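Welcome! Please take a moment to look over the sequence and the model below, and then we can walk through some of the contacts together.

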Amino acid sequence: MHGHHDHAAMFRRRFWLSLVLTVPVVIYSHMLMTLTGWTPPAFSGDHWVGPVLGTLTFLYGGPVFLRAGWDELRSRRPGMMLLISMGLLVAFGASAATTLDLLDADLWAELTTLVTIMLLGHWLEMRALGQAQGALAALAALLPDEAERVVRPDGATETVPVGDLRAGDVVLVRPGGRIPADGEVIEGTAEVDESMVTGESRPVSKEAGERVVAGTVATDAPLRIRVDRVGEETALAGIQRLVAEAEASKSRAQALADRAAALLFYVALLSGFATFAVWTAIGSTDEAFLRTVTVLVIACPHALGLAIPLVVSLSTSIAARAGILVKDRLALERMRTVDAVLFDKTGTLTRGAHVVTGVAPAAGVSEDELLALAGAVEADSEHPLARAIVATAVGAPRATDFKAIAGRGVEATVDGSRVAVGGPALLRQLGLAPAAELATQVDAWSARGAAVLHVVRDGRIAGALALEDEVRPESKQAVDGLHRLGVRVVMITGDARTVAEAVGVQLGVDEVMADVLPEDKDAAVTRLQDRGLRVVAMVGDGVNDAPALARADVGIAIGAGTDVAIESAGVVLASSDPRAVIGVITLSRAAYRKMVQNLAWGAGYNLVAIPLAAGVLAWAGITLSPAVGAILMSVSTVVVALNAQLLRRLDLSPDGEKRPPAPPPAPADHHGAMAHH
């Protein structure tokens with residue numbers, strides 16, 4: 001990760017020293033005298049300023065490019081560095097020959113400015129790449145060096161290096177401290193800042209039983225955490241691996257730029273030969289050398305070399321800041337052409353956890369009383385529906401003599417009454433039927449796919465509760481945003497058709513695929529692709545989505561804060577916010593536009609400048625000196641660099657502050673609900 005920073009420092013040093021050597025060479029050059037008519041103060045030996053300082057500059061700043069050029073020649077892959085090397089060698093050779101009175105092509109000033117400007121371009125490039133990776137390198141700095149391990153039951157701690165932590169250790173994280181490893185909170189409640197890992201700006205409240213991730217910060221209170229993943233297994237290490245893979249993955253656009261540089265090499269070589277031949281034929285050997293050198297100097301495709309890597313690097317970095325981890329750059333490039341996004345319902349568009357969405361008490365019972373009764377009975381049950389009821393019931397009394405009724409529900413004694421909670425099977429067993437008004441409400445809930453539980457006190461129905469999988473408040477905005485981008489939205493789920501359709505209508509998706517078994521999800525992706533939706537992105541959160549994520553043109557894994565190990569996805573969203581998918585498409589389209597603009601500028605500039613350098617318009621008095629060529633070339637590099645930097649203005653964050661009120665929760669799947677009750 002530090003490579004680019006080291007290179008940047010090296011190029012910076014070489015640039016400044018070359019600049020110091022170049023200034024006197026330019027001052028005492030024919031080039032400056034010709035351009036300005038100004039004569040510098042003379043001294044004995046001033047004619048040696050160019051040759052001595054020019055040779056020093058060439059020997060100090062040139063080898064970086066010559067070595068890289070030689071590598072390209074050896075591997076038979078001509079490109080940018082070979083072009084630069086040719087320009088430098090021709091300029092040095094011509095100047096040396098002039099100093100020895102063999103030629104009249106004094107190019108010392110051009111040579112030194114070329115070396116200096118090349119070093120500047122490389123310094124800027126390395127610095128930009130270094131900055132782009134800075135956000136990713138920052139991930140490595142997220143882990144604290146030491147942790148406080150709890151060593152005795154009385155809470156005494158010892159400070160140990162993070163590397164010494166093992167699964168099962170308990171660590172104390174003080175307010176403002178970084179969490180050293182992935183684990184589960186066993187004591188304490190704190191607001192945890194997860195922004196560096198998930199991109200979510202607001203702190204998330206964590207309490208006993210909830211998972212926390214290495215590198216996040218406990219902002220306001222101490223936490224005791226039982227460590228279950230350390231070192232290479234943590235989410236953070238997973239993120240760093242993804243980032244390293246993304247850095248290594250070559251993109252199509254980069255391959256295009258490499259091809260363009262190779263093409264330019266041949267164009268420059270042919271132009272150089274043609275220029276030399278034509279000017280020699282005219283009978284002007286000195287002019288032939290000068291023009292040929294200018295052609296080779298101008299042809300250096302510096303802007304082209306910077307066009308793609310900078311955009312790719314910046315887009316990876318911008319994405320990482322927004323909690324979008326690009327594993328495969330081709331996936332990011334493909335996102336701009338996506339025709340359809342396929343969302344897995346549970347855990348992606350919904351939270352994957354039930355909440356109480358309806359309370360219907362019988363006559364003479366209040367809503368709070370009904371919830372308290374159900375909460376008391378369910379307090380000892382581990383069932384997800386039970387947990388949802390307990391979370392909603394406030395101040396529930398203590399229940400005693402708890403027991404499960406096999407396949408029907410649970411019962412316990414609450415305040416002297418025998419209370420049972422269960423589904424329709426419980427009522428059938430007890431021979432009870434709800435009153436007409438309650439029955440109508442229960443039918444309405446069931447029709448939209450909710451799980452319905454009845455509460456029976458001392459043989460009489462006290463009321464009913466509806467529980468449903470809660471739709472994420474952001475899901476509707478995600479669907480609307482994708483529609484605005486002209487993308488079709490499809491929802492896929494293992495839920496029954498009624499449940500799925502109810503959620504689909506609420507969110508406004510274009511199509512619902514229901515009753516799909518996990519192993520059939522990848523076949524569903526293929527069906528969409530076969531229907532003429534050329535590029536399909538799949539968004540899922542679970543292990544059972546892996547085949548479908550791999551099958552899709554772009555696989556997007558959501559909610560990576562806990563498990564970044566979803567290898568089959570090309571893009572991983574660190575937060576569980578489905579709106580981040582819009583950010584991925586926006587970034588993909590913006591990055592592609594920048595690449596095309598940069599390639600057009602880089603290549604276009606060369607195509608115009610080479611004929612001018614060759615002297616095509618010399619008859620009209622329009623010529624390009626090598627020095628002006630070198631300056632123009634560096635200007636084009638700066639234009640490309642600045643154009644890429646405009647990507648930083650992209651705002652990929654889901655619109656956090658302007659969220660509308662949460663829509664009513666969606667119908668849930670009731671698989672298994674009745675088996676418990």
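What follows is a short tour of strands, charged pairs and aromatic rings.

Before we set off, keep in mind that this is a predicted model.

Let us begin with strand 20, which covers residues 536–540. How many of its residues are buried? Five of its five residues are, so strand 20 is mostly covered, with buried meaning under 20% relative accessible area. You can follow this on both faces: Val536, Met538 and Gly540 lie on one side, Ala537 and Val539 on the other, and all are buried. Strand 20 also has partners. Four bridges join strand 11 (residues 340–344) to strand 20, and these two run parallel. Here phenylalanine 343 stands opposite valine 539 of strand 20. Strand 21 (residues 554–558) is joined to strand 20 by four bridges as well, again in parallel. In that pairing, glycine 540 stands opposite alanine 557 of strand 21.

Now to the charged side chains. A search of the whole structure turns up 18 salt bridges. One of them joins aspartate 469 and lysine 345, whose closest N and O atoms are 3.6 Å apart. This pair links distant parts of the chain, with aspartate 469 in strand 17 (residues 460–471) and lysine 345 in helix 13 (residues 345–349), 124 residues apart. Are these two residues buried or exposed? Both aspartate 469 and lysine 345 are buried.

Another salt bridge brings glutamate 369 together with arginine 457, and here the closest N and O atoms are 3.1 Å apart. Because glutamate 369 belongs to helix 14 (residues 367–378) and arginine 457 to strand 16 (residues 451–457), the pair ties together parts that are 88 residues apart in sequence. Glutamate 369 counts as partly exposed, at 31% relative accessibility, and arginine 457 counts as partly exposed at 24%.

A further example is the salt bridge between arginine 488 and glutamate 511, at 3.1 Å from N to O. Arginine 488 lies in strand 18 (residues 488–492) and glutamate 511 in strand 19 (residues 511–513), so this contact ties together parts that are 23 residues apart in sequence. Arginine 488 is partly exposed, with a relative accessibility of 30%, whereas glutamate 511, at 17%, counts as buried. Salt bridges can also link up into a network, as you can see for Asp401, Lys403, Glu411 and Arg418.

Our last stop is the aromatic rings. A pair of aromatic rings is described by the distance of the centres and the angle of the planes. The count for this model comes to six aromatic pairs. Why does the pair of phenylalanine 58 and phenylalanine 92 count as stacked? The ring centres are 4.2 Å apart and the planes meet at 5°, so the pair is stacked, the cut-off being planes under 30 degrees apart. Phenylalanine 58 lies in helix 3 (residues 49–61) and phenylalanine 92 in helix 5 (residues 80–99), so the pair ties together parts that are 34 residues apart in sequence. Phenylalanine 58 is buried, with a relative accessible area of 8%, while phenylalanine 92 is partly exposed at 23% relative accessibility. Ring pairs also bring in Trp108, linking Phe58, Phe92 and Trp108 into a cluster.

Rings can meet charged groups too. Arginine 14 lies over the face of tyrosine 60, at 5.2 Å from the ring centre. Arginine 336 likewise lies over the face of tyrosine 592, at 3.5 Å from the ring centre.

Methods: Residues are numbered from 1 along each chain as its sequence is written. This is a predicted model: local features need pLDDT of at least 70, side-chain atom pairs count only at pLDDT 80 or more; totals for chains, interfaces and linings use all residues. Side-chain values use heavy atoms; hydrogens and water are left out. Rings of Phe, Tyr and Trp (its six-membered ring) pair if their centres lie within 6.5 Å; planes under 30 degrees apart count as stacked, over 60 as edge-to-face and the rest as tilted. Buried means under 20% relative accessible area, exposed over 50%, partly exposed in between (1.4 Å probe, protein chains only). A charge sits over a ring if NZ of Lys or CZ of Arg is within 6 Å of the ring centre and within 35 degrees of the ring normal. A salt bridge is a side-chain nitrogen of Lys or Arg within 4 Å of a carboxyl oxygen of Asp or Glu. Two strands pair if DSSP finds at least two bridges between them.
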